[in-house]
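Thanks for coming. I will walk through one model and a couple of its local contacts, so please have it on your screens.

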Amino acid sequence: MLNRLPCGMKQMDTCVLNHYEIRCLLGFWQSTCNDGRDLVPESLGRKFPFQMKVELAIPKITETPAKLLAKLGVNAFLRKRDASRL
């Protein structure tokens, strides 16, 4: 099991979701609760115990490819603790 730390999201925070397989950010989403442990215990084979629940914050899912972000000088795949380098 991977050991992930909570991300510190609070209810009503806005975020984008990082889709690693297609290297794209999907957004925008709004959290419906604070992040926590095992909010949906059976999800993803229990590999990710720290979770948050979200709902779409805009009418349609928007895809932002990592290549486009790189052209703007943004690394979309930094961990949260590295985000201060942006």
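Q51 sits in strand β4; helices (H or I, at least four residues) and strands (E, at least two) are DSSP runs, numbered from the N terminus. This is a predicted model, where local features need pLDDT of at least 70, side-chain atom pairs count only at pLDDT 80 or more, and totals for chains, interfaces and linings use all residues. Residues are numbered from 1 along each chain as its sequence is written, and side-chain values use heavy atoms, with hydrogens and water left out.

Is Q51 buried or exposed? Q51 is buried, at a relative accessible area of 13%. Buried means under 20% relative accessible area, exposed over 50%, and partly exposed in between, with a 1.4 Å probe and protein chains only.

Leaving aside residues up to four places away in sequence, Q51 touches D35, G36, D38, L39, V40 and S43. Contact here means heavy atoms within 4.5 Å. With V40, the side chain of Q51 reaches the backbone nitrogen at 2.8 Å.

Now V40 itself. V40 lies in the loop between β3 (36-37) and β4 (50-51), and is partly exposed, with a relative accessible area of 29%. With the same exclusion of residues up to four places away in sequence, V40 touches Q51 and K53. V40 and K53 are 13 residues apart in sequence, and their C-alpha atoms are 8.9 Å apart in space.

Last, the hairpin. Strands β1 (residues 14-19) and β2 (residues 24-31) run antiparallel and are joined by six bridges; two strands pair if DSSP finds at least two bridges between them. Four residues separate β1 from β2, and R23 in the turn has a positive phi of about 50 degrees. H19 stands opposite C24 in β2.

How values were computed. A polar contact is a pair of N or O atoms within 3.5 Å; within protein, one must be able to donate a hydrogen and the other to accept it, and residues adjacent in sequence count only if both atoms are side-chain atoms.
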